[in-house]
Amino acid sequence: MTAARSETGVGRRICTAEELGAAVERLAAMLAADYRRKPLLLLGVLKGALCFAADLARAVAGKADGPSEIMIDYICVERYGTLGSEGGTARLAMDATLPVAGADVVVVDDIVDNGRTLAFVRALLEGRRPASLRTCVLFDRPGRREVQVAVDYAGIEVPNVFAIGYGLDYKELYRNLPYLAELREGLTV
Ligand code: IMP
Ligand code: MG
C-alpha cells in the first residue's frame, strides 16, 4: 500500500468534507447571484483547483436563476521554489483552450497564500481582454500576503500550517483526500 493510500502523512484535520461542501455552496450562491443570466467562464488553476473547480461548477449550476451558461477551463501554473513558502516565481505550464477575450471570467484557485500565483494569473488573463475578471479561492491565509492581489470571493481562512487534501498536495500526494488536513508533524515541506 502506498503512503498516500495509508494516509501516513495526514495530521490534524483542519476542515471536514462537510465544512468544505458548505463553503463551496456559499461561494456558489454568491457567483450565481452575481452572474445571473450571464455566461460565466470558470477558469481553474491546476493542479490545486482540480477538486474545487469541479465542485464549484456543479454547485453554481444547481442554483436557481444563476448564470445562463457555465463553461469550465483550466490552466496549469507551476511555481519554482517551495510551494506554500516564500519566494518562487510562477510559470504557465499549460494554457486554457477557450477564448478569454470578451468573456466574464472567474479564476478559481485552491488557496491564496503569498499571492504570487493569483497575481501571475490575473496579469496573464488581463492581457487577453476579458469583459470582466474576478478571483475565487476556497482557502485564504490573509496574514501571509506578500503581493497585493484582488480576491473577490474567499471561502475559509486557514491557519499558517502546511495543508493537504481537496486538491492540495505534499509532493504530489494527498490531493484526493475529501477533507483538508495538516501535514503530519515531522514531514518537511
Ligand atoms: P501563493 O502563490 O503563495 O499564493 O500560493 C498559491 C499556491 O501555492 C496555491 O495555489 C497552492 O497550489 C500552493 N500552496 C499554498 N499553500 C499550500 C499548502 O498549505 N499546501 C499545499 N499547497 C499550497
Ligand atoms: Mg494552486
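My entries start with the ligand and then move to the sheet and its helices.

**Ligand 1.** I'm working from a predicted model here. I listed what sits around ligand 1 and got 18 residues, with Arg79, Asp110, Thr117, Arg141 and Ala163 as the closest. Sorted by class, that shell holds seven nonpolar, four polar and seven charged residues.

I checked the oxygen atoms of ligand 1 next. One is 2.5 Å from a side-chain N or O atom of Arg79, and one is 2.7 Å from a side-chain N or O atom of Arg141. Arg116 comes in through its backbone instead, with an N or O atom 3.4 Å from a ligand oxygen. How much of ligand 1 does the protein cover? I get 95% of the 490 Å² of accessible area that the ligand has on its own.

**Who builds the shell.** Both β5 (104–112) and α4 (116–126) give at least two residues each. β5 has the largest share, with four residues.

**Sheet.** I traced β5 into an open sheet of six strands, ordered β4-β3-β2-β5-β6-β7, with mixed pairing. β4 (90–94) and β7 (153–157) are at the edges with a single partner strand each, so one side of each has no neighbour in the sheet. From one strand to the next, the twist averages 25°. β6 (132–140) runs parallel to β7, joined by four bridges. Across from Ile156 in β7 I found Phe139.

**Helices.** α2 (17–34) packs on the sheet and touches β2, β5, β6 and β7, its direction at about 165° to that of β7. α3 (50–61) lies across β2, β3, β5 and β6, at about 165° to β3.

Methods
Residues numbered from 1 in each chain as written. Chains lettered and ligands numbered in written order. Predicted model: local features only at pLDDT ≥ 70, side-chain atom pairs only at ≥ 80, totals over all residues. Heavy atoms only, no water. Near = heavy atom within 4 Å. Polar contact = N/O pair within 3.5 Å; in protein donor to acceptor, adjacent residues only side chain to side chain. Areas by Shrake-Rupley, 256 points an atom, 1.4 Å probe, with all protein chains shown as cover. Nonpolar A, V, L, I, M, F, W, Y, C, P; charged D, E, K, R; others polar. Pairing = 2+ DSSP bridges. Axes fitted to C-alpha atoms, helices over the stretch in contact; angles between N-to-C directions. Contact = heavy atoms within 4.5 Å.
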